[in-house]
Amino acid sequence: MKPFPIREVQAARVLVVGDIMLDRYWFGEVERISPEAPVPVVRVARREDRLGGAANVARNIAALGAHVGLVGVIGADEAGQQVRLLAHEALIEEHLLEDQAKMPTTLKMRVLGRQQQLLRVDFEQEPSAESLAALVSRVSKMMAQYDMLVLSDYAKGALAEVEKIIAVARQAGVTILVDPKGHEYQRYLGATILTPNRIEMQQAVGLWHTEADLELRAQRLRESLNLEALLITRSEQGMTLFTEAGRQHVEAQAHEVFDVSGAGDTVLATLAVARVAGLSWYESMLWANRAGGIVVGKLGTSIVSAEELS
Ligand SMILES: Nc1ncnc2c1ncn2[C@@H]1O[C@H](COP(=O)(O)OP(=O)(O)OP(=O)(O)O)[C@@H](O)[C@H]1O
Ligand SMILES: [Mg+2]
């Protein structure tokens, strides 16, 4: 494998648009059962907040050395301010919109006691129509300054009008990468590449029975959406790329697996920067796969740097 194109990556400008989330962790000790209800009482000893969803994709792109812009919707609340703060710390140029209706920032809060998750509390709500319109207009104003668009869809509503965003990017002539969700993939018509995981692929094309059957379904999907490429990430089975030239596969690389959450975001980010640096989809997949193998071996931080990749 040729060296990772660090210089080209540093010159690249990538815009990430999608569902912004904050992952919040409260770590504590459990010493007693509550007198109010049969539940443990956790005395919080440490707190941690991390960027999630599209913001985590952006953080990964920044960690690889590229310039990254981020557009999405947050609430007018403390979690939203925390997202902005973490974005600045991660060298992300954020252009986040504050929802003026009562949408809270998408927040996933975990309570952990003795290394074990005891409870997860989610706050989420779809953005208002006004926020969605503002998002499309912001992306269209910014698109000309970027070389590539990455859409990170976690089905929280920021990409409800994804067709309009794709149209804007096509007009600007940029490559469009989409990490999809749901089963209505027609909405991604005109993107350059989609990166579903196994389950997302199944939801889009149904369960396949053999590898040949998968290839047939994948190529049919790719053609119907007018995509240059379709990349299926398959966890411990690695990744498979479908293009006009056919099928290419790479085996997963992880030695030890500690934490698979967020691997999809690292993979998408690495694929994006490798491609925008001028590599082929196949070479970009190899780098993305290497990054995926590294990040699942890490605990705590779900990013991979250009140095680690090289
Ligand atoms: N158990 C594993 N063993 C080895 N590599 C893995 C494993 N899980 C994930 N990976 C690596 O990470 C890549 C992406 O993982 P996966 O296909 O699970 O994406 P995903 O489901 O979108 O992830 P996420 O949980 O972040 O949404 C894989 O293609 C592979 O390179
Ligand atoms: Mg994923």
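Helices H8 (residues 263-276) and H9 (residues 281-295) cross at roughly 145°, with their axes coming within 8 Å. Keep in mind that this is a predicted model. Both helices also turn up around ligand 1, as elements that give two or more residues to its shell. Elsewhere there's an open sheet of four strands, with helix H3 packed on it.

**The H8/H9 pair**
- H8 goes past H9 in a right-handed crossing.
- On the H8 side, the contact uses Ala263, Thr266, Val267, Thr270, Leu271, Ala274 and Arg275.
- H9 answers with Trp281, Glu283, Ser284, Met285, Trp287, Ala288, Ala291, Gly292 and Val295.
- Sorted by type, the contact residues come out as 10 nonpolar, four polar and two charged.

**Around ligand 1**
- There are 21 residues around ligand 1, and the ones that come nearest are Asn197, Thr233, Ala254, Gly264 and Gly292.
- H8 supplies the largest share of this shell, four residues.

**The four-stranded sheet**
- Its strand order is E3-E2-E8-E9, and the pairing is mixed.
- Neighbouring strands are turned by 20° against each other on average, direction ignored.
- E8 (residues 107-113) and E9 run antiparallel, joined by seven bridges.
- Met109 sits opposite Val121 in E9.

**Helices on the sheet**
- H2 (residues 54-63) lies across E2 (20-33) and E3, at about 65° to E3.
- H3 (residues 78-89) touches E2, E3 and E8, and its direction makes about 55° with that of E3.

How values were computed
Residues are numbered from 1 along each chain as its sequence is written. Chains are lettered from A and ligands numbered from 1 in the order in which they are written. This is a predicted model: local features need pLDDT of at least 70, side-chain atom pairs count only at pLDDT 80 or more; totals for chains, interfaces and linings use all residues. Axes are lines fitted to C-alpha atoms, for helices over the stretch in contact, and angles run from 0 to 180 degrees between N-to-C directions. A crossing is left-handed if the near helix is turned anticlockwise from the far one by less than a right angle, and right-handed if clockwise. Two residues are in contact if their C-beta atoms, placed from the backbone, lie within 7 Å. Ala, Val, Leu, Ile, Met, Phe, Trp, Tyr, Cys and Pro count as nonpolar, Asp, Glu, Lys and Arg as charged, and the others, Gly among them, as polar. A residue is near a molecule or strand if its C-beta atom, placed from the backbone, lies within 6 Å of it. Two strands pair if DSSP finds at least two bridges between them.
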